[in-house]
Amino acid sequence: MKNKKMIISISIAISIFIAIWIFTTQSVQDTVAVTNMCLNNPFIAKILAFVNTHKLFFGMSLQIRQWAHVFEFFVFGISVAIVSKQCHKSMVFALCICVLCSLFDQTHKLFVPGREFTLFDLVLDCVGYCSAIGVVYGLYWVKNEGIVNR
């Protein structure tokens, strides 16, 4: 049963990274179309307006494509952190996997027309996966050693 859970978790993490890879290979026109589709969604538009109005990201307003980096790598970070916990690896292991995947994704952009490697995108990716790893490991701590078992 434990191996089955681990295989499912690893498959999910790989699938999420493949989705990130596919987003990276989009043409500029496809990226604009997806951006417009998201902006036309009232729920997403309200969230972006709130977050950017209140400058919740270190006092800055971000474009939807920048928020996409945070969100994509947050989801990826959750999956990697879960796999890391299931393999009894440390938080550093999960962090290293996420850093390598983020660098790989940014380097891949060098070979995609209309895309470029940017350090700010690496920072946005980092915010996503560090937040996710912190949430997963924090929840494990609360469940196994923290408040719940006192």
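Colleague: Is T24 buried or exposed in this model, and at what relative accessible area?

Modeller: In this predicted model, T24 is found in helix α1. A residue is called buried when its relative accessible area is under 20%, and T24 is therefore classed as buried, its relative accessible area being 4%.

Colleague: What is the span of helix α5, from its first C-alpha to its last?

Modeller: Helix α5 covers residues 91-109 and so has 19 residues. At 1.5 Å a residue the expected span is 27 Å, and the model comes close to that figure, with α5 reaching 27 Å.

Colleague: Within what arc do the buried residues of α5 fall, seen down its axis?

Modeller: The buried residues of α5 are A94, C98, C101, S102, D105, Q106, H108 and K109. They line one face of the helix, because their directions, seen down the axis of α5, fall within an arc of 155°.

Colleague: Which residues are exposed on the other side of α5, and which helices are included in what covers its buried residues?

Modeller: On the other side of α5, the exposed residues are V92 and L100. The cover over the buried residues of α5 includes the helices α1 (2-24), α4 (64-86) and α6 (119-144).

Colleague: Which residue caps the N-terminal end of α5?

Modeller: The backbone nitrogen of V92 has a side-chain oxygen 3.3 Å from it. The residue that supplies this oxygen, and that caps the N-terminal end of α5, is S90.

Colleague: How many aromatic pairs does the structure hold, and is the pair of F17 and F76 stacked or tilted?

Modeller: The structure holds 5 aromatic pairs. In one of them, the rings of F17 and F76 have centres 5.6 Å apart, and their planes stand at 45°, so this pair is tilted. The pair links distant parts of the chain, with F17 in helix α1 and F76 in helix α4, 59 residues apart. Both F17 and F76 are buried, and the answer is thus 5 pairs, with that of F17 and F76 tilted.

Colleague: What are the geometry and the class of the pair formed by W21 and F104?

Modeller: This pair also links distant parts of the chain, since W21 belongs to helix α1 and F104 to helix α5, 83 residues apart. W21 is partly exposed, with a relative accessible area of 30%, and F104 is partly exposed at 46%. The ring centres lie 5.4 Å apart and the planes are at 20°, so the pair is stacked.

Colleague: Over which rings do the charged ends of K85 and K89 sit?

Modeller: For K85, the charged end is placed 5.2 Å from the centre of the ring of Y140. For K89, the corresponding distance to the centre of the ring of F93 is 5.8 Å. The ring under K85 is therefore that of Y140, and the ring under K89 is that of F93.

Colleague: What length has the polar contact that joins the side chains of T31 and Q26?

Modeller: T31 lies in helix α2 (residues 28-39) and counts as buried at 10% relative accessibility. Beyond its neighbours within four places in sequence, T31 is in contact with Q26, R65 and R115. The polar contact between the side chains of T31 and Q26 has a length of 3.2 Å.

Note on methods
Residues numbered from 1 in each chain as written. Predicted model: local features only at pLDDT ≥ 70, side-chain atom pairs only at ≥ 80, totals over all residues. Heavy atoms only, no water. Helix = DSSP H or I, 4+ residues; strand = E, 2+ residues; numbered from the N terminus. Expected span 1.5 Å × (residues − 1). Buried < 20%, exposed > 50% of the residue type's maximum accessible area, 1.4 Å probe, protein only. Arc of directions from axis to C-beta. Contact = heavy atoms within 4.5 Å. Polar contact = N/O pair within 3.5 Å; in protein donor to acceptor, adjacent residues only side chain to side chain. Phe/Tyr/Trp six-rings, centres within 6.5 Å; stacked < 30°, edge-to-face > 60°. Lys NZ or Arg CZ within 6 Å of the ring centre and 35° of its normal.
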